Amino acid sequence: MIFNPSVGVSVFKRKTQAIAGLSAVIAFFTLSSAVLAADAELIARGKYLAKGADCSACHTNGEAGAAFAGGYAIHSPMGEIYSTNITPSKQYGIGSYTEEQFARAVREGVRPDGGHLYPAMPYPSYSRMTDEDVKALYAYFMNEVPAVDAPAKETKLPFPFSIRASMIGWNLLFLNNERFMPDAGHSAEWNRGKYLVDVLAHCGDCHTPRNLLMASDSSQYLAGGDVGPWHAPNLTSDKVSGIGGWSDEALQSYLLTGKSEHARTSGPMAEAVQHSLQYLTVDDTKAMIAYLRTVAPIRTAGQTAPDFSHGEAATSYDIAATASRRGGTVLTNTMDGADLYEQVCASCHQSSGAGTRDGFYPALIKNTTTGQANATDLVATIVYGVQREVGGHETLMPGFGEKSLVQPLTDTQIASVSNYVLKTFGNASAKVTPQDVATIRAGGPEALLAKLADPKILAAVGIAGLVVIVAVLAAVLRRRPRATA
Ligand code: HEC
Ligand code: HEC
Ligand code: HEC
């Protein structure tokens, strides 16, 4: 047999080519899977951050709306501010944004076309977001969020509120465009907690009161603020007015599940738990708690006992009287608080106010909602009810002020039943008037709006300031719960 070198060579050549080709392919796959793994990790981190920063709550229009397609209406006295489409749609969303442009929108409130966002988008809190986190968010939105090629409803505020450039002035005054810097004097856990509380979960947007120009009042950091018709309580470490008396377990359970021995979440806090906080890792909740423990205590003047300390388990309740009050009555036009409690509330919260044994219907005694000197949250709970979905389970209390009810309770009736609950189960020094109820039913205090109409204030803050105040107010009023039942 004649050895044909050319055949041998060519076979050899083909083999080496094949091997070289194969190893190139292997190398390619190993490399790209490493890249993919890095990407996948980045994207997963971005997804987690989007949860932690609650992007979907505002950018998804309810259950029917496509994820992040915008169009969620933020109510404001001058009209609706609609969130925008932040899916990677090139035409209608942020698909053509570079990472830099995305970062500028999220942290500085400026769109690629130079247009300024209203602070209904919480960029003043996000401004301290780290570059790595913005990068991860960008990777998530660009790679994993499905593009929705449909426009979100456009925000059309009437003049002068339509002048977006007026935000420039406000930003100069209040936007601290600096990234979060870890404090070397504290542990990594503490720093993580501070970052979560201040930047991602932006707790202070609700729990820190605002000044006249609607910027957070840093001297009252986390001392409690108003959110439309609700009041976000004091979160400082004060043992009497803040959460200093809560155990770590109670706080953790409250943030992750919406339930605790001292209170349940309702209103905007329930939304925060539902859309965001329930998805945080236990370590991240622990970090937030570790940080909150170190927030400088701020005592409410005159307060001597914690909100959760009011009411006695064994109330001097007259059960006989109760029975006759209930006596098969349908909701009458009574204005009597005890009658109303029996007819409207006792079937769930019990005549004793102790709730059900399994805790499904909470006790109204030793509860911060009935123990606050400011009864706003009690009234708002009665008017709007409780809606919250955590871990696939829905918690629901009907709102008794909803206009859609056949017979919603009147302002006088709600004031009357509130005063009965406060006197019998909660903070007896707190009082509710029908006017207070009307204010809460209307979406919160109008005081600031009334001030806006004052020509002296207008002259002082100018139209730009006015636009800003109303825009931020809008962000706050957004949290008005939607009608149910
Ligand atoms: C409290 C509500 C709220 C939250 C939370 C929120 N946004 Fe927004 N966002 C808005 C509103 C409202 C606008 C539109 C504001 C305007 O038109 O001036 C907006 C605008 C934007 C824009 C500008 C898009 C454009 O049209 O150029 C981007 C980008 C954006 N948001 C991303 C995010 C991301 C990412 C998150 C989470 C980290 C987030 N938003 C969380 C309310 C919110
Ligand atoms: C969108 C507004 C909003 C945001 C954001 C928010 N909260 Fe709240 N929070 C509220 C309101 C309103 C209440 C009172 C309503 C209720 O009792 O359910 C509340 C209640 C609470 C309570 C119970 C206090 C008490 O005395 O009963 C705790 C604890 C709390 N929030 C912690 C936090 C933390 C920590 C964050 C950030 C991770 C946060 N909240 C973010 C609005 C908010
Ligand atoms: C159909 C049953 C039902 C009725 C009737 C009802 N509630 Fe509730 N209530 C609930 C549920 C469920 C919750 C939420 C429990 C949770 O968040 O885990 C709740 C929560 C509350 C809370 C908040 C407690 C907290 O821990 O923060 C208050 C206050 C309250 N109800 C008062 C009332 C009053 C006053 C009435 C009568 C006007 C009333 N409820 C009628 C079921 C009911």
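Let's start with Met-397, which counts as buried at 18% relative accessibility, because the cut-off for buried is under 20%. Keep in mind that this is a predicted model.

So what does Met-397 do here? Its SD atom coordinates the iron atom of ligand 3, together with NE2 of His-349, at 2.0 to 2.2 Å. His-349 lies in helix H13 and Met-397 in strand E6, so the pair ties together parts that are 48 residues apart in sequence. His-349 is buried too, with a relative accessible area of 11%.

Now, what is the geometry of the site of this iron atom? With six donor atoms and angles of 85 to 179° among them, the site is octahedral. If you want something to compare with, ideal angles for six octahedral donors are 90 or 180 degrees.

Let's step back and look at what is around ligand 3. Its surroundings hold 22 residues, and the closest are Cys-345, Cys-348, His-349, Asn-367 and Met-397. By type, the shell has 14 nonpolar residues, five polar ones and three charged ones.

There are some polar contacts to point out as well. An oxygen atom of ligand 3 sits 2.7 Å from a polar side-chain atom of Arg-264. In the side chain of Thr-369, an N or O atom is 2.8 Å from an oxygen atom of the ligand. And a nitrogen atom of ligand 3 is 2.8 Å from an N or O atom in the side chain of His-349.

Which elements give two or more residues to this shell? They are helix H13 (337-349), helix H15 (376-384), strand E5 (386-390) and strand E6 (393-397). Helix H13 gives the most, with four residues.

Finally, let's turn to ligand 2. Its iron atom has His-207 (NE2) and Met-269 (SD) as protein donors, lying 2.0 to 2.2 Å away. His-207 belongs to helix H8 (residues 204-207) and Met-269 to helix H10 (residues 267-275), and this pair links distant parts of the chain, 62 residues apart. His-207 is buried, with a relative accessible area of 8%.

To wrap up, look for a histidine and a methionine at each iron atom: His-349 and Met-397 for ligand 3, and His-207 and Met-269 for ligand 2.

Terms used:
Residues numbered from 1 in each chain as written. Chains lettered and ligands numbered in written order. Predicted model: local features only at pLDDT ≥ 70, side-chain atom pairs only at ≥ 80, totals over all residues. Heavy atoms only, no water. Near = heavy atom within 4 Å. Polar contact = N/O pair within 3.5 Å; in protein donor to acceptor, adjacent residues only side chain to side chain. Nonpolar A, V, L, I, M, F, W, Y, C, P; charged D, E, K, R; others polar. Donors = N, O, S within 2.8 Å, 3.2 Å for Na, K, Ca; no water. Buried < 20%, exposed > 50% of the residue type's maximum accessible area, 1.4 Å probe, protein only. Tetrahedral: all angles 85-135°; square planar, octahedral: opposite > 155°, others 65-115°.
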